Amino acid sequence: MRSQALARMLLATALVGQARIEEACDLTHQTVELTHGLGSAVVLDQLRHLALLLRSHAVRCPDVPQLLDRLRDAIRERRWVALPLPTA
C-alpha cells in the first residue's frame, strides 16, 4: 500500500512539473483515499510536498483549492505519525 501510494505521488509530482494539474489533482485525490488510515511518515511528507507544489496553481486551476483543503485535513488527521514516542 505504501509503495503504491509513493509511486502515485511521484507520478502526481511529475504531472505538476508538466503543468498537467487536473491529472495531478485526480491522482492525488485517489491517493489520499487509498492511504486513509495508513500510518507512514514518508507518505505524510509526500502529501505535504504535493500541497506545496500545488499551491501556486490554486488561482489557475479550479480543482486545486478543494484538493488543498483535503490535503490539509489528511495531513492534520495523520499528524500523530510524526510525533515522537512517549518516554516512560
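The protein holds four helices and zero strands; helices are DSSP runs of H or I with at least four residues, strands are E runs of at least two, and both are numbered from the N terminus. Its order along the sequence is α-α-α-α. The radius of gyration is 13 Å, close to the 12 Å from the globule rule for 88 residues, so the protein is as compact as a globular protein of that length. That radius is taken over C-alpha atoms, and the rule is 2.2 Å times the number of residues to the power 0.38.

This is a predicted model: local features need pLDDT of at least 70, side-chain atom pairs count only at pLDDT 80 or more, and totals for chains, interfaces and linings use all residues. Residues are numbered from 1 along each chain as its sequence is written, and side-chain values use heavy atoms, with hydrogens and water left out.

**Overall build**
- The C-alpha trace spans about 50 × 25 × 20 Å along its principal axes.
- Buried residues (under 20% relative accessible area, 1.4 Å probe, protein chains only) make up 35% of the 88 residues.
- Of the contacts (heavy atoms within 4.5 Å) between residues at least 6 apart in sequence, 70% join residues at least 24 apart.

**Thr35**
- Thr35 sits in the loop between α2 (21–34) and α3 (41–55).
- Thr35 counts as buried because its relative accessibility is 0%.
- Leaving aside residues up to four places away in sequence, Thr35 touches Ala5, Val43 and Arg78.

How values were computed:
Buried < 20%, exposed > 50% of the residue type's maximum accessible area, 1.4 Å probe, protein only.
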